[in-house]
Amino acid sequence: MEPVAEDGVGIELRLRLRELADELIPAADGMPAASDVGVADVQLDRVLAARPDLVAPLRAAFARPAGAAVEWLERLAVEDPAGYEAVLLAVVGGYYTDREVRRRLGYRGQEPNPVQPEIIPNYVEEGLLDAVLERGQRYRDAPEERSEPTTQAGDP
Amino acid sequence: MSGSAEKTEVLIVGAGASGGVVGRRLAENGIRVACLEQGYWPDPATYPAPRPEYELLSRKQWSGSPNIRGLREDYPVDDAESDIAPLMFNGVGGSLVLYAGDWCRMRPSDFRVRTLDGVADDWPISYSELQPHYERTDLEFDAAGLGDDPSMPPGASPPLPPLPIGKGALRVARAHTRLGWHWWPGTNSVVSVARGSKRVCVQWGTCMQGCPEGAKASTDLTHWPAAIEHGAQVITGARVTRVVLGPSGLATGVEYVTLDGAERRHDADVVVLAANAIGTARLLLLSACPGHSDGLANGSGVVGRRLMVHPFANVTGIFDEDLESWRGHVGAKIVSYEFYETDASRDFVRGAKWSLAPTGGPINAALPTRAGESVWGAPHHAHVRERLGRSMSWGIFGEDLPDLENRVVLDRTLVDSSGLPAPKLHYRASEHSRRLLDFHIDRASESLREAGAHLIDVERLMRYSGWHLLGTARMGCDPANSVVDAWGRAHEVENLYVVDGSVFVTSGGVNPTSTIAAFASRVADRLIEARRDQRVAI
């Protein structure tokens, strides 16, 4: 029987995920491969700690026979959408929550950035609203009086 | 049901936008009010924005879909026969907790669709009747925007200046200037400058997963604390099972269950339903009783029918420039009403409002695109770099014409955590809606190309876009084809009111929250003015 880690995913699953993840996200363009940042190891632990609901669909997905990565994934998308989503989130979620990956992308995560109310908006300086105002009213006038209601309403 | 019940003058079901407006207004005017809310007070300390796993959490624990969240306080919705999945939040503040903050009004023509365009129905009220309440709720919800927009009638400017529009929206604004098309800074219910003790937006860019700063208006912050200060009660974890009628045919209160399973009763002189167009319709149907065998106040047969959800499309432009497009408020950087009104040269009537929004972080950029494109292998990195921070989306809200066949019914098998029948949706986007979206998608693509986008991703009729739940207890003057009158009062039960989006006669093509709040404000004032004349059960 396959050893199963305390988090509910086994070693075999991690091995297959690592192989798949490196085919989806290999080292290239100055970016590390998925396995370089531990997508099937420490980063999978991180993903599953945030999303324990992914354990079951991941196990179901990797209970299927292995195959060439992209073809295997495309087939999974059709036959097991929940498993497909779980695999993508495990790979992509693990990779893009890694600090070094984010640094190389120039993405520091969502962060506070106080509004600067004293700055005059560029659109005011450039007079962009003037053109809108010069065109005048852009809504249709409507009467206060109303028509009688119908009992069935739908497409014209 | 046995045992004694609490009693208040007014009982509100649902602590979201409309319930909050009514609850606060009544409490501040000395009326004893209680609110039953099946969810709980949200805890901003748990909002996921600061966490590296934010994008993962937003797809489950902080999803807008009750089916995906699956919390005990949520109720499941059978949406297998619906083109659009419903979105909502069950808790104090309601769906405002997870909404984008896009705060816009319907236009005068939206209230006269039958008169002007020969389809659907006119509302029994007009824009001018609602305008004072729009202006009042602008204040209550910290509307931040710019006055004198020529796409709407003159009136008071929003109380706060607009939020920064950012680099991407500036590019699009310049493009619209070249095209000669309307654009305007978006109005958002987000505190944009220091105002009393309120927190100012710090542009987390996570409005739809809760604002950790507390700068986005939601009634857990803007209304219920003030209501409670004036004596209102908010009872959480309380799921209403039915509205109870007395021998006189008037409502005597409601029965509810706690999420621990205890059965309770709450008596009231007036019952106000504010549970959104799915929850309110469900409750009316669950409240069937002798004399109301097809559901309470449903002599017309339209309770649950005419469900409208706004067919929605997303058109995303990919630019060469770093626009930092994971930053800033999510609601609307800028808006365009260029194609909002009917144009006889098109093959549809009515139109859509556009809101320009940021596009999120790297997980969003890496997953299959809105067009369904997956890029793996070595090119994956270029694909992500091309999109992350370099894209902006026009969100297109198409007017959804009412159709009796689009409806909420009670599911025969699916139940919530209290064992109550869940709602089931039957909703199909019409060919008319699809034509409308196709036209707007083409124009929005033109807008983004003019702004310099070198790639356009389109998601037509986005499934997970059902935030705007409208129309299932429509207002009207004729009890034969409407559920409530122009004051939200049920034709058949004189002390039962509906104040949420259920009452909408038509949908308009804009985000509805401002209109929902304005209508609730109008009803609240009426309840206060007519208090002495209100018939109540003895």
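## The model

In this predicted model, local features need pLDDT of at least 70 and side-chain atom pairs count only at pLDDT 80 or more, while totals for chains, interfaces and linings use all residues. Residues are numbered from 1 along each chain as its sequence is written, and chains are lettered from A and ligands numbered from 1 in the order in which they are written.

## Where chain A touches chain B

The contact draws 55 residues from chain A and 77 residues from chain B, two residues being in contact if their C-beta atoms, placed from the backbone, lie within 7 Å. On the side of chain A that touches chain B, the residues divide into 30 nonpolar, 13 polar and 12 charged; here Ala, Val, Leu, Ile, Met, Phe, Trp, Tyr, Cys and Pro count as nonpolar, Asp, Glu, Lys and Arg as charged, and the others, Gly among them, as polar.

## Two helices of chain A

A:Leu73, A:Leu76 and A:Ala77 in α4(A) meet A:Pro81, A:Gly83, A:Tyr84 and A:Val87 in α5(A), where helices are DSSP runs (H or I, at least four residues) and strands are runs of E (at least two), numbered from the N terminus. The residues of this contact divide into six nonpolar, one polar and no charged.

## B:Cys35

B:Cys35 lies in strand β2 (residues 33-37) of chain B. The C-alpha atoms of B:Cys35 and B:His266 are separated by 9.9 Å, although these residues are 231 residues apart along the chain. Leaving out residues up to four places away in sequence, B:Cys35 touches B:Ile12, B:Ala15 and B:Gln233, among others.
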